[in-house]
2 protein chains.
Amino acid sequence: MRNLSLLTDLYELTMIYGYYKSGMADREAVFDLFFRGTEELSYAVVAGLEQAIEYVENIHFDEEDIAYLRGLNLFDEDFLAKLAAFRFSGDIQAMPEGSIVYPYEPILTVRAPIFEAQLMETTLLTIINHQTLIATKASKIVNSTTAGVMEFGLRRAQGPDAGLYGARAAMIAGAVGTSNVLAGQMFDVPVSGTHAHSWVMSFPSELEAFRAYAELFPSSCLLLVDTYDVLNEGVPNAIKVFDELAAKGYRPKGIRIDSGDLAYLTKEARRMLDEAGYPDAKICASGDIDEYVLQSLNAQGACIDSYGIGTKLITSYTVPALGGVYKLAAIEDENGVMVPKLKISATVEKITNPGQKKVVRFFDNETGKVIADLIMLLDEPLPDGKPYTIFDPHATWKTKTVVNYHCKEMLVDIYSRGRLVYTCPTLKEIAAYHQVCLGQMWEQYKRITKPHIYKVDLSQKLYDLKMKLLHE
Amino acid sequence: MRNLSLLTDLYELTMIYGYYKSGMADREAVFDLFFRGTEELSYAVVAGLEQAIEYVENIHFDEEDIAYLRGLNLFDEDFLAKLAAFRFSGDIQAMPEGSIVYPYEPILTVRAPIFEAQLMETTLLTIINHQTLIATKASKIVNSTTAGVMEFGLRRAQGPDAGLYGARAAMIAGAVGTSNVLAGQMFDVPVSGTHAHSWVMSFPSELEAFRAYAELFPSSCLLLVDTYDVLNEGVPNAIKVFDELAAKGYRPKGIRIDSGDLAYLTKEARRMLDEAGYPDAKICASGDIDEYVLQSLNAQGACIDSYGIGTKLITSYTVPALGGVYKLAAIEDENGVMVPKLKISATVEKITNPGQKKVVRFFDNETGKVIADLIMLLDEPLPDGKPYTIFDPHATWKTKTVVNYHCKEMLVDIYSRGRLVYTCPTLKEIAAYHQVCLGQMWEQYKRITKPHIYKVDLSQKLYDLKMKLLHE
């Protein structure tokens, strides 16, 4: 694990310097990490917690770092010594990876001396914003097709980490594999890939290229058929080579098409493969595909068994930032009393929710589906199964009484007084949990265009506190 | 430097295994790395070469890597031994960082045994695609204002590397600093940052927060004034604290506004600061700004001395992938003859240019401005100053005769027979070179909306070769 301690905004350091010099460094503070949502981000898939934990575990400023900071001529030696001795001593709660999270719900909360909690803002955001964004996009893509999705985006990722952790996020979301070898090695996930156009071009003819490939990988022969002309050359050449493989007792794996009209080409290719006696040969498609293209290919009856998806997934092309923020929710005053805080804004959606909170999800006892979420203050008792009335905090006359439900607290303990109390699940377990969470959502909330907006209400007590602070 | 050798697509490995087993591993091949362009990417700013070189210098597969690859059950021991002994032995040419590059021009070419050249495809693309994308976006942003631009995007970057190397790319493009401390340390660039809303919220009042900050940083006091109410509280409180600073003999640095109507608020704030005797106090603006917002703020006469730009720059929000590709242009046949290659496609723009090439830029002798670019075959002589007629390769009747010009070859030697022959300039030198390149472009090519399309033509010899191969 690299040391990401300096991968932060300078103002985190000037601020904690300020807290230190003002005698406030040890005041307990609560920060919430959350996102605000848009039509395309009406929900998100939590990812990146494991790397966030690695970051927290590894925070340290070595001599070289301290020397660099000293050279900025902003800080005094006492402060640099305190920084060199940094060790996280607070609490972190977070939603497990794979969870569905809605706008304004804390994905993660930090309660710690403000010196520590403030320092971690930028890096926690970088890690969680990125992986959550990609997991969300990948989840939408994976769930727009019954075919398997392979993550193929490394070359178009925004740098090495984006490729690596983007592949991880895609696996959380249900991708069946990745082309990324380092991701395969680091995260123990299946890697896949066969050959590119350059393979075909480096032989005197496509047929020779296919033959050479089949000879090397007779039992996993998947041929890229669109270097020259898919239907007139690529597929017939592939079938020729498949016949040669079949004569030797091998079943060919299939073909890949990377360009052109994928609906038409795959239907024709399917027909040709079937007629040639290869109904079991798979057709893989790739090339600028996202959830919208998938819907269209589905509607046109494209014959595609698996997809390799690159640019659009690995960059979350249509919305390339989650926009998550990390906001102060409470801070201890000079008398040791926790004072809830909110950030006011002319834009109503930008006003934050004060105090340390929990997120409660209501499940219908009959269907198992989720009904609504409630953000409550930490010390409030959980709804106990009796009919419970919730209301829209932006239009309080809109109420709903929930009956026949059970509740779940969504944030779990990660750190307690500086001690890591959470065991990260395996990537397989996370991916399985994500599928459970998706299964609990009604389809209208998952719809890609104009999804129905899921209810995330505030408890009466939290709402009253917010109103009180706003009027002050 | 991390070892990125396994940060590649699996198919690069299956292909080089194939070349090896087919006895083709040592055949010389030429690959071009280029992008295809769109309206928003009518040109790009080359970046990432230094990291690409670090990657090539560091390619090695250690025992753990070889063990992982062995476990995939795809490769034999001979191949793994060859991989473990990998050392780049070929030539690389590239455009220096900061250069302006146009669609279809090689940014970088590799000529090496195909075993080596193919292996490097994905990683070279990941590095150069990313930094070139961000440098291009940042260049457009920086050039849309006369105010200084600071890169503030780390928290919204697509992972740690995206933040780090995105900051580097922004500096190439002319940003005056970054908030990213690690980028400051690694690339020796100015870091900046003051405080966030949480600083203000963690004090009983805004005024107390400002006072505490001013006391700590009296000679560089820049206050964020939009936590509660910019014009009724933030600016008046800032002026109060500035007066206290002035009484102690300090000149305050200024204010930052991070939300709201930046045009209106900055004009009002400017007036208030001027009236209070602080015409030298700077106004910094931030919050979801990009080149389009800058144009609008300019048009409205916003009073802004510097910008902090985050999400839109660090993700290249409107176009989050460059889409660069790495295509085979030539390969040695079994008789040792280099055979030019092209990739055919139903989409005319996707047909590649065959053979090893160079890029020549024509400059007008009078204005010093660039006139057009010409992609030529490597062995063609440079235009020698005599009138030279170029033509549009997609519409050959469109010709232009260039007179009174001088030429420059854009690709320079980076590696020669495996030896690094290039010394990377400093980031400052790269940024200065980029400004020179921008100064050589007529404004119409740099226009943000509907830019005029710059002429990139093919030499007659290259055009003829392409046509010959297409007809075959």
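Which residue takes a positive phi in the hairpin of S14(B) and S15(B)? Point 6 comes back to this, after a walk through the two chains.

1. First, the ground rules. This is a predicted model, in which local features need pLDDT of at least 70 and side-chain atom pairs count only at pLDDT 80 or more, while totals for chains, interfaces and linings use all residues. Residues are numbered from 1 along each chain as its sequence is written, and chains are lettered from A and ligands numbered from 1 in the order in which they are written.

2. Chain A as a whole. You will find 17 helices and 21 strands in chain A; here helices (H or I, at least four residues) and strands (E, at least two) are DSSP runs, numbered from the N terminus. Its C-alpha atoms fill a box of roughly 85 × 60 × 35 Å along the principal axes. Of the 472 residues in chain A, 54% are buried, a term that calls for 20 or more other C-beta atoms within 10 Å of a residue's own, with exposed meaning 12 or fewer, partly exposed anything in between, and C-beta atoms placed from the backbone. Among contacts in chain A with a separation of 6 or more, 72% are between residues 24 or more positions apart; a contact means that two C-beta atoms, placed from the backbone, lie within 7 Å.

3. How the chains relate. Chain A superposes on chain B through a rotation of 180 degrees with 0.0 Å of shift along its axis, at an RMSD of 0.0 Å. The two copies are therefore related as by a two-fold rotation axis. The superposition is by least squares on the C-alpha atoms of residues with pLDDT of at least 70 in both copies. A:Asp161 is the residue of chain A that comes closest to the rotation axis, with its C-alpha at 2.8 Å.

4. The interface. Here 71 residues of chain A are in contact with 72 residues of chain B. Several elements of chain A each supply at least two residues to this side, including helix H6 (121–142), helix H7 (160–172) and strand S12 (325–332). H1(A) gives the most, with eight residues. By type, the side of chain A that touches chain B divides into 35 nonpolar, 29 polar and seven charged residues, where Ala, Val, Leu, Ile, Met, Phe, Trp, Tyr, Cys and Pro count as nonpolar, Asp, Glu, Lys and Arg as charged, and the others, Gly among them, as polar. Because 100% of the interface residues of chain A are also interface residues in chain B, the copies meet through the same surface.

5. Helix H1 seen from chain B. This helix, residues 10–21, has 12 residues and reaches 17 Å from its first C-alpha to its last, close to the 16 Å expected at 1.5 Å a residue; the expected span is 1.5 Å times one less than the number of residues. H1(B) is mostly covered, with 11 of its 12 residues buried. The cover includes H8, H9 and H10 of chain A together with helix H4 (77–84), helix H5 (114–119) and helix H6 (121–142) of chain B. After H1(B) comes B:Gly23, with a positive phi near 70 degrees.

6. Strand S14 of chain B, and the opening question. Six of the eight residues of S14(B), residues 357–364, are buried, so the strand is largely enclosed by the rest of the structure. Strands pair if DSSP finds at least two bridges between them. S14(B) runs antiparallel to strand S15 (residues 370–377) of chain B, with seven bridges, and B:Lys358 stands opposite B:Met376. Five residues lie between these strands in the hairpin, and B:Gly368 takes the positive phi, near 80 degrees. Five bridges also join S14(B) to the antiparallel strand S18 (residues 405–409) of chain B, where B:Phe363 stands opposite B:His406.

7. A sheet in chain A. Seven strands form an open, antiparallel sheet in the order S13-S12-S1-S5-S3-S19-S20. S13 (338–340) and S20 (419–420) stand at the edges with a single partner strand each, so one side of each has no neighbour in the sheet. Six bridges join S1 (residues 28–34) to S5 (residues 108–113) of chain A, and A:Ala29 has A:Ala112 as its bridge partner.
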